[in-house]
Structure formats: structure tokens, C-alpha cells
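Work through the exercises below with the coordinates open. Try each task before reading its solution.

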Amino acid sequence: MWSQLLLALLLPPSWAFVVVRSSGLSTTASASSTVIYSGASATLTADELMKPAYEIEPIPVRIGHGFDIHRMAPLEEAGQPVVIGGVTVDHKDQKWTDVEGKYVEKGGIYETQLGVVAHSDGDVIYHSIVDAIFGALTLPDIGQVFQDTDPRWKGCDSSKFMEYAYEVMENYGYKIGNIDVTLILERPKVAAFKPGMKENIVKLLQTTDGKVNIKARTHERMDSMGELRSLSCHVVLTLVRPDQS
């Protein structure tokens with residue numbers, strides 16, 4: 001059943017219809033709707049979620065901003081590696097600050113392999129891009145579409161979210177104008193991995209190298225990011241209409 005729901009989510013917005021009820025899940029075929037969003041007391045189809053009552057005017061250029069942040073923890077606690085921009089960031093043991101005293105004395109340094117604590121794979125770049133695309137189109141945020149309480153997305157490869165965002169963007173008649181990514185983490189260093197991240201984004205969003213930029217910076221050893229306990233990302237992007245460019 002979960003595989004059917006995932007397939008329905010990844011189909012273009014005109015191909016699939018999924019309905020969720022508080023007491024269970026069911027799927028039916030339709031030509032007008034797609035993926036669902038279910039709240040504690042309400043059920044929304046994608047026509048209601050991704051096709052709001054107001055008009056999304058076909059203006060030539062739209063600007064979106066996305067942000068994501070996830071905790072980092074020792075790999076044995078996180079249960080999954082550091083994945084950024086679809087790339088697994090291999091690294092040597094890092095000096096992680098143990099503020100709770102789980103592994104060493106409280107506030108001490110624990111040298112360890114790091115992982116990302118998240119419901120899905122915790123890919124902050126992909127999540128930020130998806131949120132920016134939805135935001136540019138004045139649609140609900142990624143957390144509403146891919147809820148972190150939904151077992152379908154447990155450990156999910158976030159490229160699936162990117163594929164869906166691309167379909168939504170295309171359905172509204174837009175393509176990528178440009179993408180500017182700012183990744184923020186103290187360690188591990190990611191310079192060697194940035195070309196692979198860029199290649200993945202270009203492929204998933206069917207754009208070109210000259211329209212995607214990835215910057216990375218530390219947090220000057222301040223707060224949770226500086227202590228290697230989190231990483232975050234900001235994305236600014238533009239969507240353009242090919243018929244008006």
C-alpha cells in the first residue's frame with residue numbers, strides 16, 4: 001500500500017488522486033488530482049493543496065526562498081549519514097560537542113562520525129530548494145506536503161521530493177531561472193563534494209550548470225552549528241516562464 005501511495009505522489013499533478021481518511025488510507029485513479037495532505041481533523045486533496053482557490057498568475061518571473069535545518073549527532077544515534085545535495089559526505093571523525101553528556105562529560109568533545117537526525121534523509125539543500133519552489137508559486141510549505149509524521153517518508157531519498165517539486169513547477173508553466181544555495185555547517189568540509197551536489201540539482205530540475213550555484217560557509221564556531229550539532233541551508237531561486245522569456 002505504501003508503494004502505491006509513493007507512486008501516486010510522484011506522478012505529475014494531473015495523473016493521480018490519493019485520498020486519506022483519519023481511519024485509514026485508500027487510493028483511486030482520477031484525471032484531476034494528485035498527492036494528499038492530511039491534518040489531524042481535515043483531509044485535503046492535492047487539488048485543494050497544490051491548486052489553491054486563488055489564481056496563481058502567470059507572471060514572467062517568480063522568486064522563492066527556502067530554509068532548512070537539521071540536527072547532527074553521532075552516527076550511531078542519528079542512524080543515517082550526512083547527505084547533502086544527494087551526496088553522502090564521507091568524513092573522518094569530527095569534534096562534536098556533547099551538550100547533554102550522553103557520551104562524555106556534559107559540554108565535552110566527543111570525536112565521532114556524524115549523521116543527520118531527520119525523518120527523511122535530512123538533505124537540507126534538497127529540502128530548501130523544494131520549499132523555495134513551492135514558495136515561489138505561493139503553495140504550502142514542504143512540511144505540509146511531506147509531513148514528518150508520515151511513515152511513507154521515513155528515511156526517504158529526498159530526490160523524490162525534488163522530482164515532485166519539478167512536476168509541480170512544470171505543471172504551472174515554469175522552469176528554473178537560477179538557484180543560489182548557501183549551505184551552513186562547521187564540519188565536515190564539503191568543498192570536494194560541491195560539484196556532485198550541483199550535478200544532482202541540474203539533473204533533477206532539468207536545468208544547466210550556469211543556473212545553479214552552491215556556496216558553503218562555517219558558523220564561526222557559534223551556537224549549535226558551530227558546535228557541529230546542526231547544519232542548515234538557505235536557497236533563493238527564480239522561476240521563469242519559457243513563453244515569456
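**Exercise 1: the end of a helix**

Just after α4, Thr138 takes a positive phi of about 60°. Helices (H or I, at least four residues) and strands (E, at least two) are DSSP runs, numbered from the N terminus. This is a predicted model, in which local features need pLDDT of at least 70 and side-chain atom pairs count only at pLDDT 80 or more, while totals for chains, interfaces and linings use all residues. Residues are numbered from 1 along each chain as its sequence is written, and side-chain values use heavy atoms, with hydrogens and water left out.

Task: In which loop is the place of Thr138, and why does Thr138 count as buried, partly exposed or exposed?

Solution. 
- Step 1. Locate it: Thr138 is in the loop between α4 and α5 (142-145).
- Step 2. Check the residue type: Thr138 is not a glycine, although its phi is positive.
- Step 3. Recall the cut-offs: buried means under 20% relative accessible area, exposed over 50%, partly exposed in between (1.4 Å probe, protein chains only).
- Step 4. Classify: Thr138 has 37% relative accessibility, so it counts as partly exposed.

**Exercise 2: the length and cover of α4**

Task: Why does the span of α4 agree with its residue count, and how many of its residues are buried?

Solution. 
- Step 1. Take the rule: the expected span of a helix is 1.5 Å times one less than its number of residues.
- Step 2. Apply it: the 13 residues of α4 should span 18 Å, and the end C-alpha atoms are 18 Å apart, so the two agree.
- Step 3. Count the cover: 12 of the 13 residues of α4 are buried, so the helix is mostly covered.
- Step 4. Name some: Val124, Ile125, Tyr126 and Phe134 are among the buried residues.
- Step 5. Inspect the N-terminal end: Asp123 caps it, with a side-chain oxygen 3.3 Å from the backbone nitrogen of Ile125.

**Exercise 3: α4 against α7**

Task: At what angle do α4 and α7 pack, and how far apart are their axes?

Solution. 
- Step 1. Read the values: helix α4 (residues 124-136) and helix α7 (residues 194-204) pack at about 35°, with axes 12 Å apart.
- Step 2. Assign the hand: the crossing of α4 and α7 is right-handed. A crossing is left-handed if the near helix is turned anticlockwise from the far one by less than a right angle, and right-handed if clockwise.
- Step 3. List the contacts (heavy atoms within 4.5 Å): Ile125, Tyr126 and Ile129 of α4 meet Met197, Asn200, Ile201 and Leu204 of α7.
- Step 4. Sort by class: the contact has six nonpolar, one polar and no charged residues. Ala, Val, Leu, Ile, Met, Phe, Trp, Tyr, Cys and Pro count as nonpolar, Asp, Glu, Lys and Arg as charged, and the others, Gly among them, as polar.

**Exercise 4: around α7**

Task: Which residues of α7 are buried, and what covers them?

Solution. 
- Step 1. The buried residues in α7 are Met197, Ile201, Val202 and Leu204.
- Step 2. Their cover includes α4, α6, β11 and β12.
- Step 3. The peptide bond from Arg187 to Pro188 is cis, with omega near -5°.
- Step 4. Gln206 is not a glycine.
- Step 5. Classify: at 58% relative accessibility, Gln206 counts as exposed.

**Exercise 5: His70**

Task: Is His70 buried or exposed, and which side chain does its own side chain contact?

Solution. 
- Step 1. His70 lies in strand β5 (residues 61-74).
- Step 2. Its relative accessibility is 16%, so His70 counts as buried.
- Step 3. Its side chain makes a polar contact with that of Asp68 at 3.0 Å. A polar contact is a pair of N or O atoms within 3.5 Å; within protein, one must be able to donate a hydrogen and the other to accept it, and residues adjacent in sequence count only if both atoms are side-chain atoms.
- Step 4. Not counting residues up to four places away in sequence, His70 touches several residues, including Val124 and His127.

Definitions and conventions. Axes are lines fitted to C-alpha atoms, for helices over the stretch in contact, and angles run from 0 to 180 degrees between N-to-C directions.
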